Amino acid sequence: MISLIKIAWRNLWRNKRRTLITLASVLFAVLFALIMRSLQLGTYGSMEKNAVSLFTGYIQIHANGYWENKSINKTFANSDKIEQQIQSVSAVSQIAPRLESFALGSSGNRTKGVVVVGTNPVWENNFTKLKSRVVKGKYLTENDQGILVAEDLAKYLKVTVGDTLVLLGQGYHGMTAAGAYPVNGIIRFPTPQLNRQMVYMTLPNAQYFYAATNQLTSIAMMIYQPRKINKTVSELQTKIGKDYEVMSWKKMMPGFVQEIQSDNAGGLFMLGILYIVIAFGIFGTILMMTMERKREFAVMIAVGMQRGRLAFIVFVETIFLGLLGILSGIIVSLPILIYAYHHPIQLTGQAAEAMTQFGAEPIMPFALRLDFYANQSLTVMILTVIAVLYPLIIINRLTVIEGLRGK
């Protein structure tokens with residue numbers, strides 16, 4: 001067995017040109033598959049990151065029934081006990097207590113419905129990096145009486161830093177919510193939906209505005225291992241009891257999840273087409289290699305080589321070619337994907353506008369994950385093994401006379 005494997009290895013390098021052509025075929029197959037799938041997964045990861053890190057977090061806790069209608073009356077008391085229970089779950093990395101509701105924003109003769117978020121400025125910045133999104137003015141302090149207004153909303157209402165925005169709404173248990181607040185800063189979100197409606201103020205300010213003293217509508221959380229989100233949700237539900245609902249971001253945004261799933265299905269279809277092209281490329285090179293070696297196979301059979309042993313040698317040769325090609329593809333693609341991961345391609349013009357309307361940043365991000373390296377490499381290896389069936393069939397059917405004549 002070992003001697004046959006050695007013969008297979010030496011056979012590869014008897015004709016270096018032929019071997020290198022076959023290796024190049026597998027190399028480019030792996031390279032194209034990795035780049036294409038990396039771009040797909042990177043795009044989905046970027047969309048998920050935007051959805052999670054901009055606002056919702058990976059998990060949120062609400063009072064039972066709040067998420068169905070998001071009523072200001074479905075609040076719960078803010079207490080050290082519930083915060084301690086949440087932070088006792090090791091998977092939770094950050095929390096952001098909030099009081100959120102709707103209001104009517106007015107400036108001059110312009111009005112628009114807005115989402116008012118009361119939060120702790122320090123915790124919110126740690127959670128969503130909100131301070132880095134301030135494009136004009138200054139960020140909130142813990143005792144600030146001012147507000148932050150999203151950029152597109154500020155343009156519509158024609159307010160800027162230093163102006164006053166009037167907010168009108170319904171407070172806790174039917175109380176009237178009304179107030180005039182100075183605009184401290186303008187913030188810019190990468191997604192148009194948030195950019196058109198968000199207003200931030202400190203948590204005590206929001207609780208006073210809505211007459212909801214010491215009340216919260218949600219506690220948003222970030223976690224260390226997003227892939228274990230279901231386990232973390234179960235653990236949190238056990239800790240805090242049945243008086244609260246614990247929801248993952250996927251349950252809070254089912255439409256967004258469906259968009260990703262449908263796009264992923266299209267991506268897999270395109271990847272399937274790429275694999276078909278790859279399969280023909282690999283088969284073509286192995287077909288060429290087989291036709292060139294018919295005389296060689298006939299001579300070996302004529303001098304007494306058993307067909308089974310010859311078939312095994314050819315099979316091992318192809319496995320070596322596949323492994324070397326895959327390894328080469330990984331080596332070539334790794335620096336490309338590492339660079340693309342850290343320096344995503346910036347889109348401009350209509351492409352950037354389309355991405356923004358879809359709710360994603362105008363970039364082409366790439367993912368860098370071990371699992372898709374393994375999956376793409378395994379797929380290409382399977383295609384290579386399937387392609388080797390042809391030379392094995394040729395060896396089994398080859399007659400010495402036809403082989404020596406090169407037919």
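User: Which residues have the most contacts inside the largest nonpolar core?

Analyst: In this predicted model, they are I59, I86, F189, M198, Y200, Y210 and W249. The core itself has 102 residues.

User: Which helix gives the most to this core?

Analyst: Helix α2, covering residues 16-56, with 13 residues.

User: And what does M198 touch?

Analyst: Leaving aside residues up to four places away in sequence, M198 touches F55, V115, V117, L148, V149, A150, L153 and F189. F189 is also among the residues with the most contacts inside the core.

User: Where do F297 and M300 belong?

Analyst: They are in another core, of six residues, which lies apart from the largest one. V314 and I395 are also among its members.

User: OK, overall shape. What is the radius of gyration?

Analyst: The protein has 31 Å, whereas a compact globule of 407 residues would have a value near 22 Å. Along the principal axes, the C-alpha atoms fill a box of roughly 100 × 50 × 30 Å.

User: How many helices and strands?

Analyst: There are 17 helices and 14 strands.

User: What share of the residues count as buried?

Analyst: 48% of the 407 residues. The accessible surface comes to about 20,400 Å², and carbon and sulfur atoms account for 59% of that.

User: Switching to contacts: what share comes from residues 24 or more positions apart?

Analyst: 79%, taken over contacts with a separation of 6 or more.

User: Last topic, charges. How many positive and negative?

Analyst: The protein has 39 positive and 23 negative charges, and their mean positions are 14 Å apart.

Methods:
Residues numbered from 1 in each chain as written. Predicted model: local features only at pLDDT ≥ 70, side-chain atom pairs only at ≥ 80, totals over all residues. Heavy atoms only, no water. Core = buried A, V, L, I, M, F, W, Y, C linked by side-chain atoms within 4.5 Å. Buried < 20%, exposed > 50% of the residue type's maximum accessible area, 1.4 Å probe, protein only. Helix = DSSP H or I, 4+ residues; strand = E, 2+ residues; numbered from the N terminus. Contact = heavy atoms within 4.5 Å. Rg over C-alpha atoms; globule rule 2.2 N^0.38 Å. Areas by Shrake-Rupley, 256 points an atom, 1.4 Å probe, with all protein chains shown as cover. Lys, Arg positive; Asp, Glu negative; His and termini not counted. Charge placed at Lys NZ, Arg CZ, Asp CG, Glu CD.
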